[in-house]
2 protein chains.
Amino acid sequence: MKNIKISVIDTSVVGSEVTEVTEVTVASTHETLLSSLSGAGIMIEATCGGQGSCGKCKIWVLSGQVVDREGNTVEPVDGEWYLACQVYPAEDLVIEQTKQAKVSSKGEISDRFLEYIDLLPPIKKVLIKPVYPTLENNYSLQEMIRRAISGDGDGEADQPEDISIDISALQELAQVALKKVDEITIVRSSSQILASEAGDSVASLYGVAFDIGSTTVAGILVDLNQGKVIAAAAETNPQAAYGADVISRIKAAKTEDGLKTLSSVVRQCLNDLVNKLCEAAGISNRDIYLVTVAGNSTMEHLLMGVSPAYLAISPYVPVFNELPWFPPSGIGLDINCGARIIVLPNIASFVGADTVAAMVGVDQDLTSKMTLLIDLGTNGEIVLGNKDKMLVCSTAAGPAFEGAQLSSGMRAANGAIDDVTITDNVYVHTIKDELPRGICGSGVIKAIAEFVKVGVITTSGRFVSDDKMALLPGSLGKRLKVQDSGQKEFVLVRAEESATGKDISITQGDIREIQLVKSSIFTGVEILMEQLGITFAEIEQVLVAGAFGNNLDLDSALAIGLVPSAGRSKIIPVGNAAGTGAVKAILSVRVLERCRTIASKAEFIELANHPGFQKKFISNLAFPEGI
Amino acid sequence: MKNIKISVIDTSVVGSEVTEVTEVTVASTHETLLSSLSGAGIMIEATCGGQGSCGKCKIWVLSGQVVDREGNTVEPVDGEWYLACQVYPAEDLVIEQTKQAKVSSKGEISDRFLEYIDLLPPIKKVLIKPVYPTLENNYSLQEMIRRAISGDGDGEADQPEDISIDISALQELAQVALKKVDEITIVRSSSQILASEAGDSVASLYGVAFDIGSTTVAGILVDLNQGKVIAAAAETNPQAAYGADVISRIKAAKTEDGLKTLSSVVRQCLNDLVNKLCEAAGISNRDIYLVTVAGNSTMEHLLMGVSPAYLAISPYVPVFNELPWFPPSGIGLDINCGARIIVLPNIASFVGADTVAAMVGVDQDLTSKMTLLIDLGTNGEIVLGNKDKMLVCSTAAGPAFEGAQLSSGMRAANGAIDDVTITDNVYVHTIKDELPRGICGSGVIKAIAEFVKVGVITTSGRFVSDDKMALLPGSLGKRLKVQDSGQKEFVLVRAEESATGKDISITQGDIREIQLVKSSIFTGVEILMEQLGITFAEIEQVLVAGAFGNNLDLDSALAIGLVPSAGRSKIIPVGNAAGTGAVKAILSVRVLERCRTIASKAEFIELANHPGFQKKFISNLAFPEGI
């Protein structure tokens, strides 16, 4: 065994001119480059956990040789890069990490879905050389700009009279032109001039794609010229203080004041994210000229200050499915006042633009593969189909997955139990290895999968009888307690070992909660399959999206029947697909058009109304046999 | 001579349900009804002073007989009404005054130009009977409105997908629809839904036409369903505190703060006028859904917060000639937030939308008569032509006419000398017969005409020599004084008879000021005639517009050569033609279209650049011989 030195050049730090070089020494050639580096403390993102599917661990080898598992030389992909999870170091290496910016986990975007976009952002900057009016030829400044633009040589047929100019752009133009500059940068959409800047600022044009979830709001800063993600940030949706799920938010928004409050807190959250992103990227708020918003119908209604009350009363319709583009003043967003906000269209009351965005995010509307997309957020949206036909439904999924509604539940924050292994004892892993404070979604799924495996619960979801419990290995049996209320609970972490000084347990009620959710999702999938007339075997890929989807232990999810067992190899976690879709939409008018098509063509299936839903739902409550 | 009893029913009091009946007894049948009534204290407006030209003194005779000057029976016009200035009482009468609202003199509109408008306001209200969505047919509320509108039976081809909905309208719709009302009133333009109101409020739809002058801002409240003027109000333009004319305003707006201030004071003024108008008419600000704005280019730039600096530097171009319609938030106007503001288009730097409005106000673009339109405001705009061709120019006219820049000048307010008669002594008339405080525009014109007539000044504008002065009748000669500066002045009112305790005089400088202005206007007319290749004789009508035009003594104006002597009978005072035009524009999309056509087709002649201007200007300084 020989020592191998790996020098890692990291040019990815956003907003920094500094190139970091880190040198590490690894002792093994039998571990992938990815695990060698993470073992040595160099974190390279790999959403798929080293499956070779997420494409996030790209590296460029500047010197030295990498090999495959068998020790054979491998050629770089596209003659350029390798996936660190698929190659092994053969000798000393100098490698460069992906130039893609580091993004926070909530905001992460699957690059592979961004690769095939035609870069056609809805707005663009053009540099004009103004021909100032003279006494002989005394047109207005507005006319001067129109004339210059119709000759901007971009190949589009611009009829000067068809182009309108924003009032704020005229205010700027009056100031810009007074300087008699030789060059003016014009920001325009196809039919509107949005802003004018003195000199050549064409290179600086940014947009932010927002994914407004019930629980988390993510903002992704995009360079619209380069078609690249620059930075991402996420915050807890401040509306959470007014209720965990959309139904409680709708209730909170029933009064005029309530609506105003919920609207203003989320608007403030978007402003906070803009500030964070601009600070990280070293740009000004004024450089942001475009925003896309993907959110479920309730989130979009609240953002717009439109009462979502109708969404919660029969026949559960939204006030709007689609909105015209509007300036940032419409939602009090502090970016360039000439910018445009594009709220992506909704499909139905509980299937919102976030699902539309997820669908374009994974190109479900383009693929001929029969695809099952499950977006696990606070709600669970399910889409089954391909470019020919797509069925969608919505289930109340997530509060349990996100730690809410569980007795010891918490968000996936530091100290949350995110992994549980049960043998003759209980071993837990917490986020950042802090003292356990509670349990998050992925921890619960894993715990319940382990419960079934070791026999703490039956497939019906009940804790086993006391006699059977006594037969469990080690001290497991002693962890089952009966609460004062008579409810049974299984203690994962005893009070003296927890950060809170209280037992961290999973109760019979918690298990029931998870069963309800997993049955909803599974039943939803079944009904969509039935509607489409296909079987599990015909599903060619299962894409699991959502922040939760990323951290989910897929084997446990399969084990408890949360994800249909269409075959382990068909399952691909796709991260924040809605965010990816919002980014794609900000980058291309063609994607925006696809969103509109999806919103009008995708068929919404209301599960509650479906004959047979109830029966299926009850039979799906049980966990699969023989985990 | 017999006594005649006249009962006058006045239904014109705005916002009042009360019908006033006034009875007066008059002793003569040799005075017109108009002068009989005004002699008895009943004021009926008659802008033209009883010439039969303004059409404002309409009355309806409910019982009794009126006759003409010769005592012959006369038939009512259109089988309906008479002009009070043209008929004489033959016996006891019961008459009804015009139902037209009383309007303040600054805002008065010549009704006769409103008579031939196709009532096609750019926005309208339609009543829909919504078909609410069901579980089976679960479209959005937005879609519900679109469907209802496409079947509103107005005969227009409405493609539901072509109609966009304002965000504020969606916010309202969410609330309105929750009440499950049977009827919803929709406010719409051709392509946009602006607002929705529960129930049937179709009858209540108002607009305000603003005429923003450098000195006076007038607002005219219009019922858009009826096509009728409801009320009018005027205020001094608060920008006057930052300079009397456009050039000084442009200077004051050079800094960012200055621009902001000038912009915000005029916006506040519009809000004040809206409040006044709504109070007078007993309606709410929320009932106002449309606004037209006519102002000169500088006023429009300042209103929009767009720097007018370019207007004052060569090549004197505006930043914009035309703006898209925009919501009231764009200028902070406190009316219905779904309303639209239409800023009428400018022609050139110093010929603004107020002139365009005046042209449509008097139908200059429709007539085949060769028409000279002189709009006397702070600037003097001159338009010569007819539907085939129109030439326009602008002169710095008004500050002198409006009392500014004169040694004893003041606005046409109470105590201002508005008429002067000189025989062997000087007789002055003041507004509201108060003690004289100063002299206003019409007073100066009349005084100078009298000066020439009695020989106080020569036609060159100089005070006559002391010997000649001594020969003047009565004590006139003693009124000529020499100031400390050496300048001569003629005292109209001695200090002891004035409200200010100071002499009210006209100085040699004042006379020079008036000469400059009247020469500018006359020279402008001459140059336009020359350009068009016509003579005075070919001018078929001379329309004198502007607040000043209304109060002007036409004979004096002719006498001093302010208005070209194309023949007394050809001259028609047309009042606030710009306001009339703004009202016509708010009432009809066809008039709006005519404004656009005028703005692009009217030919602007820059006087200062015109060869021969200087020579003509100097020779026109003299007053006409033989007044």
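## Basis of the model

Helices and strands are taken as DSSP runs, numbered from the N terminus: a helix is a run of H or I with at least four residues, and a strand is a run of E with at least two. The model is predicted: local features need pLDDT of at least 70 and side-chain atom pairs count only at pLDDT 80 or more, whereas totals for chains, interfaces and linings use all residues. Residues are numbered from 1 along each chain as its sequence is written, while chains are lettered from A and ligands numbered from 1 in the order in which they are written.

## Relation of the two chains

Two copies of a chain are related by a rotation about an axis and a shift along it.

## The interface

Chain A contributes 36 residues to the contact, and chain B contributes 36 residues. On the side of chain A that touches chain B, the elements giving two or more residues are helix 2 (141–150), helix 3 (167–178) and helix 7 (309–312) of chain A. Helix 3 of chain A supplies the largest share, eight residues.

By class, this side of chain A holds 23 nonpolar, 13 polar and no charged residues. Nonpolar covers Ala, Val, Leu, Ile, Met, Phe, Trp, Tyr, Cys and Pro; charged covers Asp, Glu, Lys and Arg; the others, Gly among them, are polar.

## Packing around helix 8 of chain A

Helix 8 (residues 353–361) and helix 16 (residues 589–601) of chain A have axes that come within 10 Å and cross at roughly 120°. Axes are lines fitted to C-alpha atoms, for helices over the stretch in contact, with angles from 0 to 180 degrees between N-to-C directions. These two helices of chain A are therefore oblique to each other; angles under 35 degrees count as roughly parallel, over 145 as roughly antiparallel, 65 to 115 as roughly perpendicular and the rest as oblique. Helix 8 of chain A contributes A:Val356, A:Met359 and A:Val360 to this contact, and helix 16 of chain A contributes A:Val591, A:Arg594, A:Cys595, A:Ile598 and A:Ala599. Seven of the contact residues are nonpolar, none polar and one charged.

Helix 8 of chain A also packs with helix 15 (residues 577–587) of chain A at about 80°, their axes being 6 Å apart. This makes the two helices of chain A roughly perpendicular. Their contact has eight nonpolar, three polar and two charged residues.

## Backbone features

Most residues other than glycine have a negative phi, and most peptide bonds are trans. A cis peptide bond joins A:Ser314 and A:Pro315, with omega about 5°; A:Pro315 lies in the loop between helix 7 and strand 16 (340–343) of chain A. B:Ser314 and B:Pro315 are likewise joined by a cis bond, with omega about 5°. B:Pro315 is placed in the loop between helix 6 (297–304) and strand 16 (340–343) of chain B.

A:Asp433, a residue other than glycine, has a positive phi near 55°. A:Asp433 is exposed, with 8 other C-beta atoms within 10 Å. B:Asp363 has a positive phi of about 60°, but B:Asp363 is buried, with 21 other C-beta atoms within 10 Å. With C-beta atoms placed from the backbone, buried requires 20 or more others within 10 Å, exposed 12 or fewer, and partly exposed lies in between.

Terms used:
Two residues are in contact if their C-beta atoms, placed from the backbone, lie within 7 Å.
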